[in-house]
Amino acid sequence: MSDLLERLRGRGWRLTSQRRVVAQVLDGDHVHLTADEVHARAAERLPEISRATVYNTLGEMVSLGEVIEVSTDGRAKRYDPNAHHPHQHLICSNCGTVRDVHPTGNPLADLPPSERFGFAVSEAEVTYRGLCPDCG
């Protein structure tokens, strides 16, 4: 069983056939699919699954904190099942490919006190951008 399916089952989330197939499509490292890509892949496994069901299921998974919604500069949102493993994202500025990266260091520590403006900073999101090998 996939890591995402195990986490959802552990939360007591009812795994209908539609929810199961969406979770299976999202399973794996470096998976950052759009909702339409999830729907297309899910429909290959379960032809009767609707686009609305996929969007609703993704929304529920995001609300549960089991999937991260990744915005990429006005492009379609992508969905990352790697929600419980700290990482950042590397995004191709041309084609929108998203990869998980694990930089060393602590981005919270890199923000000097003078730039915190009194905030009690609790987390940081860093997005790296550039051209992937296919676009470079």
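This is a predicted model: local features need pLDDT of at least 70, side-chain atom pairs count only at pLDDT 80 or more; totals for chains, interfaces and linings use all residues.
Residues are numbered from 1 along each chain as its sequence is written, and side-chain values use heavy atoms, with hydrogens and water left out.

I begin with helix α1, residues 3–10. Helices here are DSSP runs of H or I with at least four residues, numbered from the N terminus. Within α1, the residues L4, L5, R7 and L8 are buried, where buried means under 20% relative accessible area, exposed means over 50%, and partly exposed lies in between, with a 1.4 Å probe and protein chains only. These four lie on the same side of α1, because they cover an arc of only 160° around the axis; the arc is that of the directions from the helix axis to the C-beta atoms. What covers them includes α2 and α4, the latter spanning 51–64. After α1 comes G12, with a positive phi near 80°.

Let us turn to the core. Which residues touch the most other members of the largest nonpolar core? They are V22, L26, V38, L58 and M61, in a core of 22 residues. By nonpolar core I mean a set of buried Ala, Val, Leu, Ile, Met, Phe, Trp, Tyr and Cys residues joined through side-chain atoms within 4.5 Å. Helices α1, α2, α3 (35–45) and α4 each supply at least two of its residues, and α2 gives the largest share, five residues.

Leaving aside residues up to four places away in sequence, V22 touches V38, I49, V54, T57, L58 and M61, a contact being heavy atoms within 4.5 Å. From V22 to I49 there are 27 residues in sequence and 9.5 Å in space, C-alpha to C-alpha. With the same exclusion, L58 touches V22, L26, A35, V38 and Y79.

Finally, the cysteines. How many disulfides are there? With a disulfide taken as a pair of cysteine sulfur atoms within 2.5 Å, the count is zero. C132 is in none, the nearest cysteine sulfur being that of C92, 3.7 Å away. C135 is likewise in none, and its nearest cysteine sulfur, that of C132, is 3.7 Å away. C132 is buried at a relative accessible area of 13%, whereas C135, at 27%, is partly exposed.
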